[in-house]
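Colleague: Hi! Could you walk me through this model?
Modeller: Happy to, here it is.

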Amino acid sequence: MADHLTANGEEMGVYNLQCIDLSNPDIHESAALLRKACMESGIFYVINHGISQEFMDETFAQFKRFFDLPIEEKMKLVWNKNLRGYRPPIQAVIDDKTKQKDFSEAFHIGVEVSEDDPNAHDFFYGPNLWPPADLLPGWRKAMEKYHQEATNVARKIGRVIAVALDLNEDFFVQPELIGSANANYTNMFHYGVHGANLLKDVVGTTPHCDLNLFTLLATDDIWGLQICREKNAESQVWEAIAPVKGAYIVNVGDMLEMLTNGIFRYPTMRTGQYIYNRFNQLSASTVGKKA
C-alpha cells in the first residue's frame, strides 16, 4: 500500500496486517496466520467475529452520546482507584522537550460486581460507574451488551492463540483468565477534546505498549493508529495502520509477550498527534486471576 499522508502533512509508510477470519472452520490455518503475525509485528486484523456492523455503529453512537455531555456531568463519574469511570483530559505535560499535553478523554467499564462483594474494592475489580438513566436512557444496557459481545470475541481469539502456541484450545478461556471479573474491561476513547491546541497538545496517545494479554480495537474510519515494530531500535520507524470497517485490530500485550518468552512480540503504538474529534473503542482482556 502507498504511503499515508497524516493529518499534519507527514508521509508515513503503511504496514499491511495479516487478516484472521474467525469464521474459518480450520482453526489450525488461522493459528498459523496468527502465529506469523504475532512473531513479526504483534498486530493483526480479525474479521467475521460475530458482531454486526449495525450493532457496532450503534455502539459508536452511544459512545458519542456520553462524550457529548457537559464536562460537569462527566466529572460526576470521574474514575476511581479501580479504574472504573470517566478519565478527563489529563492536560499534564508529557513531553518536557515539546511541552505537549495529553488532551484525550476516556470511559472505562469492566465486569459488573456488586458493592457488597467482599472483594469489591480490589484493584481492577468492583462496581462500574454509570450515568443516571434519566440523563442517558439505555446507555448502561448498551454498554453492558457491547462489553459482553467483545468478551465473546476475545474468547474466540484466545482459542486461536492457544492453538498457535500448541496449547489446549481452551487454555485462555478458563474462568480465571479471559472473562474473569478483574481481567476483562472495555475502554472508550475520544481524541481531540474541545480546548486542545492542535499545534502544542497531544490529542491522540503517546508511544506505549498495552499492559495486558491482548487488545481488541474497533475504530471509526479515521486514520490514526501507528506502530513501531522494532521497539528497541535506537532510531524508531513508525508505520500507519489502515482502519478497516467491520474488523477489529488486535495487538499483543506485554503479558502475552512474557508468557511466550518473547516469541510473540508486542508492538509499540501511538495514535497520531493531530487526530481531531475521533471516537474509538477497545476491549482489552488480561490475565489476572484473583487471589
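Modeller: Let's start with a strand pair: β3 (residues 19-21) and β4 run parallel and are joined by three bridges. Strands here are DSSP runs of E with at least two residues, helices are runs of H or I with at least four residues, and both are numbered from the N terminus. Two strands pair if DSSP finds at least two bridges between them.
Colleague: Before we go on, what kind of model is this?
Modeller: This is a predicted model, where local features need pLDDT of at least 70 and side-chain atom pairs count only at pLDDT 80 or more, while totals for chains, interfaces and linings use all residues. Residues are numbered from 1 along each chain as its sequence is written, and side-chain values use heavy atoms, with hydrogens and water left out.
Colleague: Thanks. Which residue is the bridge partner of cysteine 19 in β4?
Modeller: Tyrosine 45. Four of the five residues of β4 (residues 43-47) are buried. Buried means under 20% relative accessible area, exposed means over 50%, and partly exposed is in between, with a 1.4 Å probe and protein chains only.
Colleague: How many residues of β11 are buried?
Modeller: Five of the five in β11 (residues 214-218), so the strand is largely enclosed by the rest of the structure. Phe214, Leu216 and Ala218 point one way, and Thr215 and Leu217 the other way. In a regular strand the side chains alternate between the two faces of the sheet.
Colleague: And which strand does β11 pair with?
Modeller: Strand β14 (residues 248-252), in the antiparallel sense, over four bridges. One of the contacts is threonine 215, whose bridge partner in β14 is asparagine 251.
Colleague: Switching to helices, what does α2 look like?
Modeller: Helix α2 (residues 53-67) has 15 residues and reaches 21 Å from its first C-alpha to its last, close to the 21 Å expected at 1.5 Å a residue. The expected span is 1.5 Å times one less than the number of residues. Its buried residues are Phe55, Met56, Thr59, Phe60, Gln62, Phe63, Phe66 and Phe67. They cover an arc of only 160° around the axis, which puts them on the same side of α2; the arc is that of the directions from the helix axis to the C-beta atoms.
Colleague: And α4, what's its span?
Modeller: The end C-alpha atoms of α4 (residues 139-164) are 37 Å apart, which agrees with the 38 Å that its 26 residues should span. Just after α4, aspartate 166 takes a positive phi of about 60°.
Colleague: How many salt bridges are there in the whole structure?
Modeller: A search finds 10, counting a side-chain nitrogen of Lys or Arg within 4 Å of a carboxyl oxygen of Asp or Glu. One of them joins glutamate 105 and lysine 74, with the closest N and O atoms 3.1 Å apart. Glutamate 105 lies in strand β8 (residues 105-110) and lysine 74 in helix α3, so the pair ties together parts that are 31 residues apart in sequence.
Colleague: Are those two buried or exposed?
Modeller: Glutamate 105 and lysine 74 are both buried.
Colleague: What about glutamate 73, which residue does it pair with?
Modeller: Glutamate 73 forms a salt bridge with lysine 76, the closest N and O atoms being 3.4 Å apart. Glutamate 73 is partly exposed at 25% relative accessibility, and lysine 76 is exposed at 62%.
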